[in-house]
Amino acid sequence: MNAFLCTDNLCRHFGGVMATNRLCIEFEKTGLRSIIGPNGAGKTTFINIITGRIPASSGKVHFQGAEITNKPTHELVKLGICRTFQITSIFNNLTVFENVRIAKQANSGGSLRIFSTKKSLKKVACDTWVILERLGLKDLAGLPAKNMSYGDQRILEVAIALAGDPEILFLDEPTAGMSPAETKHISDLIKGLSKEISIVLVEHDMDMVMRISDKITVLHYGSIIAEGAPEEIRTNQLVREAYLGKDT
Amino acid sequence: MSGSPSMPDSHTSLSPLKLIGLVVLFIALALLPFVWGNRFYISLITEIMIYGLLAMSLDVLLGYTGLLSFMHNAYLGIGAYVVGLFLIHVSPTSLWLACLVGVVFTGLVALPVGWIQVRTGGLAFALLTLAFGMMFYTIVWKWYGLTGGDDGLMGVPSPDIQLFGWSVGNTGNPAHMYLLTLFVVAIALILTRRIISSPFGAVLEAIRENEERAAFVGINVRRYKLFGWMLACVLAGTAGALYILCKGYIGPVTMSAFAGAGVLMMVLLGGLGTLWGPIVGAGIFIYIQDYISTMTEHWEIFLGIVVIFLVLFMPTGFVGLGNFFKRLRKD
Ligand SMILES: Nc1ncnc2c1ncn2[C@@H]1O[C@H](COP(=O)(O)OP(=O)(O)OP(=O)(O)O)[C@@H](O)[C@H]1O
Ligand SMILES: [Mg+2]
């Protein structure tokens with residue numbers, strides 16, 4: 001139980017489907033862990049349980065020594081457990097700036113100031129600009145989020161998650177639908193972040209996964225079938241079968 | 001990073017020109033009863049402002065927090081009955097104390113109701129507002145000994161309006177009641193606008209936009225939904241206090257689901273998420289209602305037709321019409 005975040009026999013079933021089957025995974029304080037597996041392997045479900053989107057059927061989640069199983073989402077975020085969504089989830093009618101600012105504000109306080117202006121939260125605004133700058137969204141700051149291109153919306157998704165000052169960040173297929181240039185930008189950013197915080201990446205782009213991951217966990221039918229450094233996973237027979245078996 | 005560009009908000013603050021316009025409008029409205037002695041219309045405008053306040057409070061809930069209440073008039077009713085009962089049974093002259101008791105009581109009723117309601121969202125929330133609203137309606141209707149049941153609460157005294165120890169008027173005088181209402185509604189509008197454009201307002205809007213995402217940036221969604229609900233109900237209770245002072249009477253019909261639908265129409269007619277739009281919507285609604293009811297007693301049918309027409313051709317309400325003209329001017 002000394003790991004930064006770990007799951008202990010985590011299970012979740014949907015009817016008869018074991019989407020998460022007795023998973024014990026440990027995450028370190030920093031570094032980039034990828035979770036891969038064929039469609040329906042249970043990657044998103046696993047993230048959903050840890051981040052409080054759906055309750056576990058059984059099993060436990062520990063974070064920094066304390067149990068956090070099935071805690072409300074907003075409390076987990078306050079602890080530094082943040083995520084992005086596979087299906088883009090942003091504030092459509094707010095501007096790009098407002099999207100990030102609300103995340104920053106929720107994180108740094110001031111939400112109960114009912115008689116001050118939003119401008120009065122200077123630190124929130126400054127931090128928001130820093131994040132927009134870092135993700136290359138500064139020029140789009142005034143655009144309503146719904147009017148962004150799909151790829152830019154995916155980047156905004158990451159920006160919102162980063163605004164929560166995560167200690168561990170779960171990214172559910174962040175680059176799906178991005179252009180090669182955007183993918184490069186985001187994968188460099190993720191790699192850079194993983195020096196400071198713990199990153200958990202779910203991704204189908206194998207080149208990217210092999211290139212940037214420190215460690216890879218492979219799921220199949222809700223269970224771990226392999227875990228190790230990218231080279232080990234590349235040559236693992238079980239993994240090949242899981243992927244090939246699905247194609248044929 | 002202090003030299004960052006101005007904040008790209010979707011809310012812009014009022015331009016000086018608009019501000020001057022609003023001040024002029026307010027002064028004109030305040031002078032109206034002195035130059036125009038028609039008591040009937042002065043009272044009609046007072047009623048429009050009261051319902052405007054109610055519609056605005058519903059806008060806080062629907063337009064900013066994204067929660068639908070079918071019977072927001074229930075909280076106007078509770079406020080009105082309590083103020084009326086206080087004036088009848090406790091003290092016929094303590095205007096401000098009666099209003100305070102009415103508004104606080106409305107809040108005390110709204111709190112547990114809201115606590116239950118915010119555990120849901122969307123349609124379930126809306127249905128719960130209907131269920132609670134009908135419950136309150138039935139209580140008021142059946143509790144004859146206290147509320148006068150079907151006959152309504154009658155004989156509510158008209159207290160003097162005391163300001164810093166001076167009596168500046170009486171609520172029984174239409175012109176005085178008009179001015180009192182104008183000041184209260186103006187203050188409520190300014191305060192609410194302020195609250196809506198605060199960091200707190202930003203939280204409400206985030207919940208309206210995407211409840212799940214709001215939770216995933218660390219917002220305690222239920223708690224803030226409850227705050228939004230309480231704000232809306234306290235404003236509705238304030239409208240209720242003005243209502244009973246203005247009319248001197250209230251019956252259970254004011255708290256019916258039918259009347260609740262009317263308030264919802266005012267908001268939609270005026271335009272969601274603008275605060276002032278629903279006040280205009282209340283004006284249109286009550287004027288039409290009053291105008292048609294002088295010609296036929298089946299005014300609801302004609303009002304229905306007018307509303308259908310407006311919804312079909314002005315789907316974003318009166319505010320949308322303004323934007324339409326703005327676009328025309330630009331082209
Ligand atoms: N809400 C749900 N209700 C019923 N079944 C579900 C639900 N969510 C997931 N499942 C099932 O659980 C299994 C795992 O789904 P999950 O979305 O976690 O897979 P995934 O690895 O993220 O797949 P993908 O790569 O397609 O995103 C699938 O069989 C899926 O059909
Ligand atoms: Mg998935």
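Biologist: At what angle do helix 3 and helix 4 of chain A pack?

Modeller: Two packed helices are described by the angle between their axes and the distance between the axes. In this predicted model, where local features need pLDDT of at least 70, side-chain atom pairs count only at pLDDT 80 or more, and totals for chains, interfaces and linings use all residues, side-chain values use heavy atoms, without hydrogens and water. Residues are numbered from 1 along each chain as its sequence is written, with chains lettered from A and ligands numbered from 1 in the order written. Helix 3 (residues 96-108) and helix 4 (residues 122-134) of chain A pack at about 125 degrees, their axes 9 Å apart. Axes are lines fitted to C-alpha atoms, for helices over the stretch in contact, and angles run from 0 to 180 degrees between N-to-C directions. Helices are DSSP runs (H or I, at least four residues), numbered from the N terminus. The angle makes helix 3 of chain A oblique to helix 4 of chain A (under 35 degrees is roughly parallel, over 145 roughly antiparallel, 65 to 115 roughly perpendicular, the rest oblique).

Biologist: How much area is buried between chain B and chain A?

Modeller: The size of an interface is often given as the accessible area lost when the parts come together. Here it is about 3500 Å², with 64% from carbon and sulfur atoms (1.4 Å probe, summed over both parts). In contact (heavy atoms within 4.5 Å) are 34 residues of chain B and 43 of chain A.

Biologist: Which residue of chain A forms a salt bridge with Arg213(B)?

Modeller: Glu157(A), with the closest N and O atoms 3.0 Å apart. A salt bridge is a side-chain nitrogen of Lys or Arg within 4 Å of a carboxyl oxygen of Asp or Glu. Across this interface the rule finds two salt bridges.

Methods:
Helix = DSSP H or I, 4+ residues; strand = E, 2+ residues; numbered from the N terminus. Buried area = accessible area lost by both parts, 1.4 Å probe.
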